[in-house]
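Please look through the structure shown here and follow one part of it at a time.

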Amino acid sequence: MREYSSDRIDFRSDTVTQPTAAMREAMHRASVGDDVLGDDPTVIELQDRVAAMFGKEAGLFVASGTMSNAIALRTHTVPGDEIVCDKTAHIYRYEGGGYAALCGASIALVDSESGLMTPAQVRSAVRKAEGSGSHYPNGSLVCVENTSNLGGGSCYEQETFDEIAKVAKSLGCATHIDGARIFNAAIATGVDVSRMCEHYDSVSICFSKGLGAPVGSVLVGSSAFIARAHRWRKMFGGGWRQAGLLAAACLHALDNHVERLIDDHHRAQRIAKMLNDLPMFTVDLSTVQTNMIYAETNGPASEVVEKYARHGVDMFDLSANRIRVVVHLHITDEDVDRFEAISHELFG
Ligand SMILES: Cc1ncc(COP(=O)(O)O)c(C=O)c1O
């Protein structure tokens with residue numbers, strides 16, 4: 001069923017989802033307390049449940065993926081440190097330079113394929129202050145993104161993922177996963193999230209993307225890490241009160257919106273093949289692993305986006321010749337049928 005307050009087909013992002021009637025009902029029923037005082041039962045339930053799911057000791061509920069990553073980066077580093085990540089990583093591209101402003105850290109960028117670093121690339125990107133005659137910053141954190149957003153929703157193979165963590169550890173670096181869409185990766189690869197994240201120190205998990213909650217991310221890690229993260233959340237102004245209303249939406253998403261991600265992935269496959277069959281688009285089908293489709297356009301992408309918009313379909317152009325289509329909770333088979341008909345009419 002389509003539970004979206006507009007009849008437009010909105011492919012801009014999976015962040016556009018709105019709480020379903022059942023999710024709103026769960027929020028309505030939520031028991032709440034004062035989370036700054038540590039007694040909101042629904043927040044506690046969410047934090048404990050997510051930590052257990054990911055095989056970590058503790059969790060911290062925060063307002064956004066950006067806040068979760070910022071707190072993690074700040075907790076793992078001290079000013080003068082360096083963070084290793086892929087050149088397309090969200091923490092580098094789209095989080096306002098928080099790594100520099102909030103952490104005083106620099107970034108060592110890795111130039112990888114589809115946003116997925118290799119262990120060898122990570123090894124050669126880590127620079128240590130020690131032994132450099134004080135020339136280098138101190139490479140102290142490796143951050144991976146799974147799925148990789150700008151990589152096209154691509155997923156790490158588990159062996160590579162494990163090996164990156166081992167390389168990082170061997171070089172004395174902490175490890176953080178930006179898992180904004182980690183459940184998409186788990187559904188696509190069939191690897192359970194606790195196994196996937198086994199060798200990593202912290203994970204940021206978003207509920208306001210494919211899982212369809214209005215707000216919220218949970219940062220998980222060891223109890224000692226989360227205790228320090230709790231203080232940074234406070235200093236960043238992220239302590240909140242009756243947050244159980246929002247945690248209830250996230251709990252509802254865990255119960256109802258994880259397994260269904262496979263439907264989004266199937267619809268993404270269908271859309272990718274359909275676009276690739278049209279002369280206007282080229283899609284590397286091997287990169288369509290989860291809920292995103294990046295298509296090269298045979299003409300200005302901005303004009304493609306405008307034409308679709310005039311026909312009630314929204315998406316982003318990410319460069320002069322590239323569009324992105326993101327499938328989510330509110331995209332139905334009927335929407336895909338309609339999109340196919342419009343695409344044939346415009347570009348067939
Ligand atoms: C990979 C990734 N990490 C982090 C974020 C940040 O999430 P938020 O928008 O909740 O701050 C996003 C947002 O789309 C994302 O795609």
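**A walk through the model**

Strand 9 and strand 10 pair in the antiparallel sense over 2 bridges; two strands count as paired if DSSP finds at least two bridges between them. Helices (H or I, at least four residues) and strands (E, at least two) are DSSP runs, numbered from the N terminus. This is a predicted model, in which local features need pLDDT of at least 70 and side-chain atom pairs count only at pLDDT 80 or more, while totals for chains, interfaces and linings use all residues. Residues are numbered from 1 along each chain as its sequence is written.

In strand 10, E296 is the bridge partner of T282. These strands belong to an open sheet of 4 strands in the order 9-10-13-12, with antiparallel pairing. Its edge strands are strand 9 (281-282) and strand 12, each of which pairs on one side only. Strands of a sheet pair through backbone hydrogen bonds, either parallel or antiparallel.

Strand 10 (residues 292-297) also pairs with strand 13, antiparallel, over 5 bridges, and M292 has V326 of strand 13 as its bridge partner. Strand 12 (residues 316-319) pairs with strand 13 in the antiparallel sense over 3 bridges. There, F316 stands opposite R324 of strand 13. A hairpin of 2 residues joins strand 12 to strand 13.

How enclosed is strand 13 (residues 322-326)? Of its 5 residues, 4 are buried, so strand 13 is largely enclosed by the rest of the structure. A residue is buried if 20 or more other C-beta atoms lie within 10 Å of its own, exposed if 12 or fewer, and partly exposed in between, with C-beta atoms placed from the backbone.

Now to helix 7. The buried residues of helix 7 are F161, I164, A165, V167 and A168. They cover an arc of only 160° around the axis, which puts them on the same side of helix 7; the arc is that of the directions from the helix axis to the C-beta atoms. E159 and S170 are exposed on the other side of helix 7. After helix 7 comes G172, whose phi is positive, near 75°.
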